[in-house]
Structure formats: C-alpha cells, structure tokens
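I opened the notebook to record what I looked up in one protein model. The entries follow the order in which I checked things.

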Amino acid sequence: MVQLPPWLPAPTQVAIPAVVLLSLALVRHLDAPAGEWGRKLRSRFLLGVPWGTVVSVLGVLAVYLVVQQGAGNWRNPVTLPFSSWSYLYPEGWLLAPFSHTGPGHLVGNLTTTLAVAPLAEYFFGHFPSKRGENPFFSRTTNPWVRAFVIFPAGVALVGLATSIFAWGPIIGFSGVAFAFVGFALVRYPLLTVVAVSAQGAIRTAYQAMRDPVVVGSASRSFGNPWWYGTAVQGHTLGLLLGILLGVAVLYRRRERVGALRLWTSAVVLGMSMTLWAVWWYRGESSYVLYRGWGVVLVVALAVLTTVAATADRGPLFDNASRQQVGLLALLLPLAVMVGVAVPVNFTTVGDASIPGDGPAIEVRGYDVTYAEGVQNQKVSAIDVSMFGETTDVTTSGVVVVNDDREIWSQAVSKGRLGFAGRTSVRVGGVGWAEDVRVERRGWSAANGPKAYQVWLRGPDDEEWTHTFASEPATVGATLANHSVEVVPANGTFYLRLASGNVTVGTAAIPERNESVTLGPVRFERENRKLLAAVNGTRVQVAARETYR
C-alpha cells in the first residue's frame, strides 16, 4: 500500500470540497441563466462576497487562536479570564462574546454564523436599495465602508451588548449568532429556517474534512444534561436585539413580510435552536429544566416578532401608530432583561475567602482548591427565592477564585473528577497561561460509600499538595461483630476496626500483596482489592477506585 506524505490531504478531504463545488455548478446551470446568481449577489454584496461575515468569523477565530492561546492548545484554551464575570472586570465582558470554551463550542457558533450571517448581511446590503442612488456619496453608503467597517462594527457592538446585558457570566459568540437569526428572520423568514438547517450540513462537512474516518466503541462517560450550561438568557437577548434591528430596517425601507409565514418560521426556529431550554440549579449535581415554560417563551417571542415586523404606519391610538406599538412590544422585554442584568452584573466576589479547609495553589492572583458543599458565591451573590427555586446554590469540586478578576467558578465538578481521576485547570490572562493539575485517589467500601482524597500541583511545584479528605467510608457488612472503616487522612488511607464504639485497631492499608492484622481480622491486599480473613473465611471489603 502506498503511504502518502503526512502533509498531503487525504483523498476524502479533497473529494468533499470537489463534489460540493461540482454539484453547485450543476445546480447553478440547471436553475438559472448564466450569470444571474452572480448579479444577484453583486447587487447586495461588494464583489458578490459577504465580507462582513468573513471579517467577523476571522476576528472570532483570531481571539480563540491568539488571545485564548488555542493555536498552541486547540482543545484546552484559556477560558476563565474571558467570561463576563462583572462590570468591574472590563477584560472579561469585552472579550467574553468572542471567546469560547473549546473547539466544539467554537465550531458550533462559527458554522451557525457561516450559515446565517450571509443572509443577514444580504438584508443589510452593501449597496443602496433604491436605483439611481450614488453609493459613494457618503461614508455610510460607501460599499467598502459598509462591508469592512459598518457591518463588522455592528457585529462587535451586538456582541458587547450580549455580554453586558446578559444575566451573569457568559462566554461565546452564540448571542451574536442568534442576533443574525433574528435580523434575517424578519425579512426572509423561510430562508432563515433553511439557513439554520444548513448549519448542521456545514458542521458535518467540516468534521468530515477534519476526521474522514472515525472508529468508535462502547465506553463509559460522564456528563451533565445536555441543556445544562445553555445560556438561554444570552440567546434570547441576542435574538431580541437582532429582531429589533431588523424591524428598524424594515420600517425605514417600508418593506413587509407575511404574518403567518413569519410566525411559523419564528416558532420553528425557536424550537429547533432550543430557545426553550430554560433551566436552573436543583442541588449540587442536579438541575431542573422548565421545558413547558420554555415553549411558552418561544411562542410569545414569535408573537412579539410578528406583531412588530408586520405593523404598518397606520394609527392605532390617538398618539401612537402600529409601528410604534410594535417597537414598544420588542423594547419592553429588552428593558426587563437589562433591568435584571445591571444589578446582577454589578455584584462582586469582593475579598472572597478560599472555600474549604484545605490549602490552595496560588498562581498569579488565582487560587485553586478543592471543596465540597460550599456556597457558590457568584450564583448566590443576590439572594432571591421564587417559585420554589433559590439562588442560594452550593457546589462541590475544583474551585477557582480570583478577587481581582471577580472570578468564583467551579472549574471541575466533584462528579467529573470522580469519573476521570485526574484533570487540569488552566488559568491565565492575555499572553500567559498555566496549568494546575488535580488528582483524586480513593477506595470504595463494599456495599458502602467511597473514601477519597484530592491533591493539587502547581506549574512550578515539585511535590503534590494534599488539599481534601472525605469522610470515612464504612463497609456495609460486619466481620465477627466488628465494623470496618476506610479512613482517608493526610494523604494516607487507613483501616479502622471497631467493636461498638471502641476502636480495636488502626493501620494503613497494606501495599500490594502485603497484609496487616487488626484484632481478629487479617486484611490482605491483592492488586486493587482489599480482602478480610476471619476464621478461614475471606471476603472483599474494599477496592481501589478506577477512573476513566
């Protein structure tokens, strides 16, 4: 078999773009006279290209590769300092809407942008909509300025608005992607549905280009519900901003769209883009999804959009036209969102104490530790209880605190660390990044809970720092009227044998193929298993935790 040089693309990576271009050429030939597609695009785009979309995508990609240092660590960029933690931390809210948590997050938002933003830009247009107007008469109508300055600047401003007026920390370009959808929706509702559907095709083609052949097998995995972490408030805010801007352009150009077509498209888009995924915390590792109220939200937004976009200039009241009432219908929910966002985003962690009782690793202003059952000081910054839910939320896992950046974050949950055993937390800022490594080791008591400990290691540390020990784990069965506990303490795991409330003996868990005797019980270690022998009977009492 001929081995191709590694720098050459695989045959599949050549075939995918080739077959797409050939099929487009064929469809173009069958669908329209020669040159018609080009004329339509050039009537709205400079040289027939959506340059504003291209500039926006390249800008977001540059933030990921350079600012977040994704070029050197594609799968683990710096994310903590680039979320909108507080108004008092400008670096966060300035960069949050253009930063991403990882390649999946980035690709998802950019493929949506590539699918929908050209349609929004086509509606915006680089050239005047009326014939006879000179596009070079002023800077605002100059197609070069509109393509390379005004449209990208508008994208940046919408991004900042989704960061400033969202409720709590957000990160990602998805708010702007929803704004593209809202802007295009009010003028081209059905085409917007098609464009959003095309996002899946673009993403699949990208993944096929990147990994033409994938081999998979059944495996265990750990994950929260897919809707956990969805920034519905940011998505709704972006959608409303896009709709508002689109309606303003419609009013200025005196264009109309069918009400039924718009309402239907808005409902379909809201459902397909999971705008209904309204959720909240319900305990440390459980969450509640308000799917029913989410559907109500989608339909309500569709009604508001339809009322605003289809209103004419006719009077509705003595001093108000239908268009003015339609704009007010859009501005009211935006005002509510802003009214909630401002006090939330002015909250600070102040001189937040490091949670837990164990030591922390300090890296240039960041404190990284492990704690369980502590109050989430960012979510609980404003104490509110409504409809049986509360902002008084506790959390367990690896916690990162940075007072200067107003950061208080659960970087890794207790469950995820318990599944993986080892992980790392990346902290940093513009131009620098460091990794703090985290390791968990533990024993599972037979028919009982787990006993475990956690260690941390900073980028310059030669030794691991012990930071947490769980409660002892009691074995579910008794041995000759004695109870057995696995006791984690000071980096070592001990066995404690007790009769009633009296401790018979304590000893460290023996090394592999060694044993220790406490009272009438002999404990033997066989690889990862711990066995107990009493009067000729051997039973397993514990096993080392295994991780994935």
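Helices here are DSSP runs of H or I with at least four residues, numbered from the N terminus. I note at the start that this is a predicted model.

**Entry 1: a nonpolar patch**

I looked up V20 and found its place in helix α1. Is V20 buried, partly exposed or exposed? Its relative accessible area is 40%, and partly exposed covers the range between under 20% for buried and over 50% for exposed. V20 is therefore partly exposed.

V20 belongs to a nonpolar surface patch of about 530 Å², made together with V19, L21, L24, V27 and W37. Helix α1, residues 11-31, gives the largest share of the patch, five residues.

**Entry 2: two buried residues**

I looked for S99 and found it in the loop between α4 (90-95) and α5 (103-124). Its relative accessibility is 0%, so S99 counts as buried. I listed what S99 touches, leaving out residues up to four places away in sequence: V63, Q68, F82, I171, G172 and F173.

A309 was next, and it lies in helix α11, residues 291-309. With a relative accessible area of 1%, A309 is buried. Leaving out residues up to four places away in sequence, A309 touches V186, V247, L250 and L262. I also checked A309 against E255: they are 54 residues apart in sequence, and their C-alpha atoms are 9.2 Å apart in space.

**Entry 3: a sheet**

I traced an open sheet of four strands in the order β15-β16-β17-β18, with antiparallel pairing. Its edge strands are β15 (473-474) and β18 (502-508), each of which pairs on one side only. What holds paired strands together in general? Strands of a sheet pair through backbone hydrogen bonds, either parallel or antiparallel.

I looked more carefully at one pair. Strand β16 (residues 483-489) and strand β17 (residues 492-499) pair in the antiparallel sense over seven bridges. Which residue in β17 is the bridge partner of S483? I found that it is A498.

**Entry 4: salt bridges**

How many salt bridges does a search of the whole structure find? I wrote down eleven. I looked up some of them one by one.

K414 forms a salt bridge with E372, and the closest N and O atoms are 3.8 Å apart. This pair links distant parts of the chain, with K414 in helix α13 (residues 414-420) and E372 in strand β6 (residues 366-375), 42 residues apart. K414 counts as partly exposed because its relative accessibility is 31%. E372 has a relative accessibility of 25%, so it also counts as partly exposed.

The side chains of E439 and R441 meet in a salt bridge of 2.7 Å, N to O. I noted that E439 is buried, with a relative accessible area of 8%, whereas R441 counts as partly exposed at 30%.

R522 forms a salt bridge with E524, the closest N and O atoms being 3.3 Å apart. R522 is partly exposed, with a relative accessible area of 39%. Is E524 buried or exposed? The relative accessibility of E524 is 18%, and the limit for buried is under 20%. E524 therefore counts as buried.

Definitions and conventions: Residues numbered from 1 in each chain as written. Predicted model: local features only at pLDDT ≥ 70, side-chain atom pairs only at ≥ 80, totals over all residues. Heavy atoms only, no water. Patch = residues over 30% accessible without salt bridge, like charges linked within 9 Å, V, L, I, M, F, W, Y side chains within 5 Å. Areas by Shrake-Rupley, 256 points an atom, 1.4 Å probe, with all protein chains shown as cover. Salt bridge = Lys/Arg side-chain N within 4 Å of Asp/Glu carboxyl O. Buried < 20%, exposed > 50% of the residue type's maximum accessible area, 1.4 Å probe, protein only. Pairing = 2+ DSSP bridges. Contact = heavy atoms within 4.5 Å.
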